[in-house]
Structure formats: C-alpha cells, structure tokens
Amino acid sequence: EKKRGAVYPGITGYYINLIGSSDRAENCEQEKGKTRINISRFEAVDGRSLRVSGNLSGAEVGCIRSHYKVLSKTNSELTLVLEDDFELFEDFDFELSKCLSELPENWNALWLGGVAMGKEDFSHGLFKIKATTGTYGYIVKHSFIPKILEALAKENKLADWAMSSVFENVFRSKKNLVKHRA
C-alpha cells in the first residue's frame, strides 16, 4: 500500500460512480492502489431517471452533470477526475510526475487518456491539444474550472466536446496514463 498524498499534496482525486455500481467501485478501489494520490468516490448523477430534451440521452446528461458536480465541489489547486471504468498505468506516479514537470506555467488541464485532436508535439511526454474524446481521466487547475463549468452547464454537447470547446493551454500525456476498462 502506497502512502497517500505524499508525492502530490496539491492534487485531490475523485472517481465518479453510480450508486448500485458496486462492482465498478471495487475495481476503482483496487486501481487507486497504484497511486499515492488520495482518490475518493464521488456519487454520479443517474441519468436513467432524467427527463431530457434535445439531442442528448439521459445517460449523456447524467455524465455531464456528474462532471459538473465534481468540479463544482473541489477546492483543490489540482483535481484528478476519473470515471469508474478507469485503469491506471502500472507506473502511474512516475509517469505523471514526469508529465507534470514538463508542463508550462500557464497550463490549464492535462488529459491522461482519450483520443487527442489538433495535437502538436510539445515535449518528450506531452502533446498540446485542441480537443479530445473521453472524460475518464484528466487533471484540471482550479482556475480553469469556471470555464469548463460554463461549457458543461449548456448541456448541448457530450461532456468531452463541451470541455474541448473551451480548451486553452490543455495538454495530453503521450502515454495513456489512464485507460478505459473494456
């Protein structure tokens, strides 16, 4: 068992998980043993019961609202957000610390998985990106959260596309530090 919070005292982590998805929560509890970041369960918004209009399904709106809620809650300078089907890279802490050390001072968010679009080579371990698919693993600076919340609040695009619409100084690790569990 790794000592929690030792390497990253400024990062708070959450995994978004529906009540009743205890199998996924168990996987998350196991996966978080791969990092020293303190990661807590955050109750997801169950979209299956939502009445929605427009192009998005209840589940998609539930996803948007879950990310909105977790980002609204955090007071941490850096917040790691994971969805409950995440899998961490075996040497997660080592690779993440390398990526964090390569970020410029004015970075706003770091995506740890997903398909990056409009990417340009930035450093040994990072791409600078214009958009991404996937919201299952990312770190965001507290100062950038209001922009993301504003985009998510519209509920007119999938969560990843809404977030991507406000990307500015956002980066992506070249290695998939967080993977989607199949």
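## Arg-41 in strand β2

Arg-41 sits in strand β2, which covers residues 38-43. The model is a predicted one. Relative accessibility for Arg-41 is 35%, so the residue counts as partly exposed.

Which residues does Arg-41 contact, once neighbours within four places in sequence are left aside? They are Tyr-15, Asn-17, Leu-18 and Ile-19. Arg-41 and Tyr-15 lie 26 residues apart in sequence, yet their C-alpha atoms are 5.1 Å apart.

## The largest pocket

The largest pocket has a volume of about 390 Å³. Its lining takes in 20 residues, and those closest to the centre are Leu-18, Arg-24, Ala-59, Cys-63 and Glu-83. Two elements give two or more residues to this lining: β1 (11-17) and α2 (58-73). The largest share comes from α2, with five residues.

By residue class, the lining of this pocket holds six nonpolar, eight polar and six charged residues.

## Overall fold

The protein chain has five helices and 12 strands. Its C-alpha trace spans about 45 × 35 × 30 Å along the principal axes. How does the radius of gyration fit a compact globule, and why? For 182 residues, such a globule would have a value near 16 Å; the chain has 15 Å, so the two agree.

Buried residues make up 50% of the 182 in the chain.

Most residues other than glycine have a negative phi.

Glu-155 has a phi near 50°, a positive value in a non-glycine residue. Glu-155 is in the loop between α4 (145-153) and α5 (159-164). Its relative accessibility is 28%, so Glu-155 counts as partly exposed.

Asn-169 has a phi near 55°, again positive in a residue other than glycine. This residue lies in the loop between α5 and β11 (170-173). Is Asn-169 buried or exposed? Asn-169 is buried, because its relative accessible area of 17% is under the 20% limit.

Lys-174 belongs to the loop between β11 and β12 (178-180). With a relative accessible area of 30%, Lys-174 is partly exposed.

What does Lys-174 touch, not counting residues up to four places away in sequence? The partners are Asp-121, Ser-123, His-124, Gly-125, Leu-126 and Phe-127. A separate distance relates Lys-174 to Lys-34. These two are 140 residues apart along the chain, and 19 Å separates their C-alpha atoms.

Terms used:
Residues are numbered from 1 along each chain as its sequence is written. This is a predicted model: local features need pLDDT of at least 70, side-chain atom pairs count only at pLDDT 80 or more; totals for chains, interfaces and linings use all residues. Side-chain values use heavy atoms; hydrogens and water are left out. On a 1 Å grid over the protein atoms alone, a cavity is a set of points where a 1.4 Å probe fits but cannot get out, and a pocket is an open set with protein on both sides within 12 Å along at least five of seven lines; lining residues have an atom within 4 Å of a point. Grid points are joined across faces, edges and corners, and a volume is the space filled by probe spheres set on the points. Helices (H or I, at least four residues) and strands (E, at least two) are DSSP runs, numbered from the N terminus. Ala, Val, Leu, Ile, Met, Phe, Trp, Tyr, Cys and Pro count as nonpolar, Asp, Glu, Lys and Arg as charged, and the others, Gly among them, as polar. The radius of gyration is taken over C-alpha atoms; the globule rule is 2.2 Å times the number of residues to the power 0.38. Buried means under 20% relative accessible area, exposed over 50%, partly exposed in between (1.4 Å probe, protein chains only). Contact means heavy atoms within 4.5 Å.
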